[in-house]
Amino acid sequence: MARFTAHTTADAAPEQLLEVLTDPDAIRNWSPIPFEVEDLDGLRLEAGSRARVSGSLAGRRVGFDIEVHAADEGGLELTAEGPIGIDVLYELEPVAGGSQVTASVGVRDGSGFTGRLLAKATGALLAGGALDAAAGRIVRAAESPGLALAA
């Protein structure tokens, strides 16, 4: 499995970052791989929730079933199963004046030629800076003055 990691610091509390990480509308704005949330069994990602997402990867329309393992002030952990497997972990750690964000994505090969091709394309996208860019977009969204925390 190929693993990719990005680190950044935010002038925002972990709760603010979690708000961005778990909001289905915000996800399409920061995701390192462009996907739309089609079906979510709740209003936002939370531990135990499941979702269906779809998008385009390497020029092919693909879909993934998402299972959220954790979503709290410590971060967001989920797996995506489709033509390839993707393990996602966004760790949030409070630091003076904000939070440290560590984003980690593991890409597991799928079966057959298409699965291997999609895994390589996803790895190339992440290695080319897509994960770093996503972490930056998450931070900017969490730091924006218009962010309203859910009650």
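Modeller: Start with helix H3 (residues 112–143), which lies across S1, S3, S4, S6 and S7 and runs at about 10° to S1. Helices (H or I, at least four residues) and strands (E, at least two) are DSSP runs, numbered from the N terminus. Axes are lines fitted to C-alpha atoms, for helices over the stretch in contact, with angles from 0 to 180 degrees between N-to-C directions.

Colleague: What should I know about the model itself?
Modeller: This is a predicted model: local features need pLDDT of at least 70, side-chain atom pairs count only at pLDDT 80 or more, and totals for chains, interfaces and linings use all residues. Residues are numbered from 1 along each chain as its sequence is written, and side-chain values use heavy atoms, with hydrogens and water left out.

Colleague: What order do the strands of the open sheet have?
Modeller: S1-S7-S6-S5-S4-S3-S2, seven strands with antiparallel pairing. Two strands pair if DSSP finds at least two bridges between them.

Colleague: Which are the edge strands?
Modeller: Strand S1 (2–10) and S2, as each pairs on one side only. From one strand to the next, the twist averages 20°.

Colleague: How many bridges join S1 to strand S7?
Modeller: Nine, and the two strands run antiparallel, with S7 covering residues 98–108. Thr-9 stands opposite Gln-100 in S7.

Colleague: What does H1 touch on the sheet?
Modeller: H1 packs against S1, S4, strand S5 (75–81), strand S6 (85–95) and S7. Its direction makes about 160° with that of S6. Contact here means heavy atoms within 4.5 Å.

Colleague: Switching to charges. How many salt bridges are there?
Modeller: The count comes to seven. A salt bridge is a side-chain nitrogen of Lys or Arg within 4 Å of a carboxyl oxygen of Asp or Glu.

Colleague: Which residue does Arg-44 pair with?
Modeller: Glu-19, with the closest N and O atoms 3.4 Å apart. Arg-44 lies in the loop between strand S2 (35–40) and strand S3 (50–57) and Glu-19 in helix H1 (residues 14–22), so the pair ties together parts 25 residues apart in sequence.

Colleague: Is Glu-19 buried or exposed?
Modeller: Buried, at 12% relative accessibility. Arg-44 is partly exposed, at 22%. Buried means under 20% relative accessible area, exposed over 50%, and partly exposed in between (1.4 Å probe, protein chains only).

Colleague: What about Arg-52?
Modeller: Arg-52 forms a salt bridge with Asp-65, the closest N and O atoms being 3.1 Å apart. The pair links distant parts of the chain, with Arg-52 in strand S3 and Asp-65 in strand S4 (residues 60–72), 13 residues apart.

Colleague: Which residues are linked in a network of salt bridges?
Modeller: Asp-25, Arg-28 and Glu-36. Between Arg-28 and Glu-36, the closest N and O atoms are 2.7 Å apart.

Colleague: Where is Ala-58 found?
Modeller: In the loop between S3 and S4. Ala-58 has a positive phi of about 55°, although it is not a glycine.

Colleague: Last topic, cavities. How much space lies in the largest cavity?
Modeller: About 340 Å³. On a 1 Å grid over the protein atoms alone, a cavity is a set of points where a 1.4 Å probe fits but cannot get out; lining residues have an atom within 4 Å of a point. Grid points are joined across faces, edges and corners, and a volume is the space filled by probe spheres set on the points.

Conventions
1 Å grid on protein atoms, 1.4 Å probe; cavity = no way out; pocket = protein on both sides within 12 Å on 5 of 7 lines; lining within 4 Å.
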